[in-house]
Amino acid sequence: MCDGWINIRNESIVNFVITTPKPILYKSLATGVDRHTGENVAKYIISVIEDTDPRKVFGVVTDNVKNMKKAWTLLTEKINSLKKLINDEKDIINNIKRGHITSAVFQEKRNANSSTSMALSLPVLTRWGSVVVFFLNHC
């Protein structure tokens with residue numbers, strides 16, 4: 001989660017909170033003369049993602065003010081690896097589900113491992129948490 005504000009000394013600050021799943025304050029960044037533009041916010045968010053390991057980041061939360069919307073546009077252009085990974089995994093699941101033999105083999109393996117929690121579920125666009133569950137079940 002990223003949020004920008006001005007402290008009581010009139011200093012520009014951007015805070016980053018990471019949920020692991022418990023929320024912790026990861027970084028409080030004094031931006032100095034840098035304004036909270038979409039470009040700068042995107043740069044700060046990318047820096048935090050790279051510092052914490054991009055493979056462990058499942059989502060980014062901001063408010064919907066103009067500079068954050070611009071940051072989202074820039075982040076979407078910059079970070080496509082997660083989208084590719086999701087699409088590749090979706091293709092695999094859909095191919096397994098479409099074929100009666102591959103589906104039967106999956107069910108046999110599932111039953112052999114006594115794993116009722118293992119399922120071929122796809123993420124739902126309106127629920128970002130479904131992407132987390134999707135990765136936990138398939139990756």
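Below are questions and answers on this predicted model.

The model is predicted, so local features need pLDDT of at least 70 and side-chain atom pairs count only at pLDDT 80 or more, while totals for chains, interfaces and linings use all residues. Residues are numbered from 1 along each chain as its sequence is written, and side-chain values use heavy atoms, with hydrogens and water left out.

Me: In what order do the elements of the protein run from the N terminus on?
Reply: Helices (H or I, at least four residues) and strands (E, at least two) are DSSP runs, numbered from the N terminus. The protein has 5 helices and 3 strands. Their order is β-β-β-α-α-α-α-α.

Me: In what order do the 3 strands form the open sheet?
Reply: Two strands pair if DSSP finds at least two bridges between them. The pairing is antiparallel. The edge strands, each pairing on one side only, are S1 (2-6) and S3 (23-30). The sheet order is S1-S2-S3.

Me: How many bridges join strand S2 and S3?
Reply: S2 spans residues 12-19. S2 and S3 form a hairpin with 3 residues between them. Within the pairing, Ile 18 has Ile 24 as its bridge partner, and Phe 16 stands opposite Lys 27. The S2 and S3 pairing runs over 7 bridges.

Me: What angle does the direction of helix H1 make with that of S3?
Reply: Axes are lines fitted to C-alpha atoms, for helices over the stretch in contact, and angles run from 0 to 180 degrees between N-to-C directions. Contact means heavy atoms within 4.5 Å. Helix H1 (residues 38-52) packs on the sheet and touches S1, S2 and S3. Its direction and that of S3 make about 130°.

Me: Which residues are in contact with Leu 75, leaving aside its neighbours within four places in sequence?
Reply: Leu 75 is among the core residues that touch the most other members. In soluble globular proteins, nonpolar side chains tend to be buried together. Beyond its sequence neighbours, Leu 75 contacts Ala 42, Ile 45 and Ile 46.

Me: How many residues make up the second, separate core?
Reply: Its members include Ile 86, Ile 93, Phe 106 and Phe 134. The size of this second core is 5 residues.

Me: How far apart are the closest N and O atoms of Lys 27 and Asp 51?
Reply: A salt bridge is a side-chain nitrogen of Lys or Arg within 4 Å of a carboxyl oxygen of Asp or Glu. The pair links strand S3 to helix H1, 24 residues apart. Lys 27 is partly exposed at 27% relative accessibility, and Asp 51 is partly exposed at 48%. The closest N and O atoms lie 3.8 Å apart.

Me: Which residue meets Arg 9 in a salt bridge?
Reply: The count of salt bridges comes to 2. Arg 9 is exposed, because its relative accessibility is 61%. The N to O distance is 3.3 Å, and the partner is Glu 11.

Me: What is the phi of Asn 10?
Reply: Most residues other than glycine have a negative phi. Asn 10 lies in the loop between S1 and S2. At 65% relative accessibility, Asn 10 is exposed. Its phi is positive although Asn 10 is not a glycine, at about 65°.

Me: What distance separates the C-alpha atoms of Pro 54 and Ile 79?
Reply: Pro 54 sits in the loop between H1 and H2. Pro 54 is partly exposed at 46% relative accessibility. Pro 54 and Ile 79 are 25 residues apart along the chain, and their C-alpha separation is 9.3 Å.

Terms used
Core = buried A, V, L, I, M, F, W, Y, C linked by side-chain atoms within 4.5 Å. Buried < 20%, exposed > 50% of the residue type's maximum accessible area, 1.4 Å probe, protein only.
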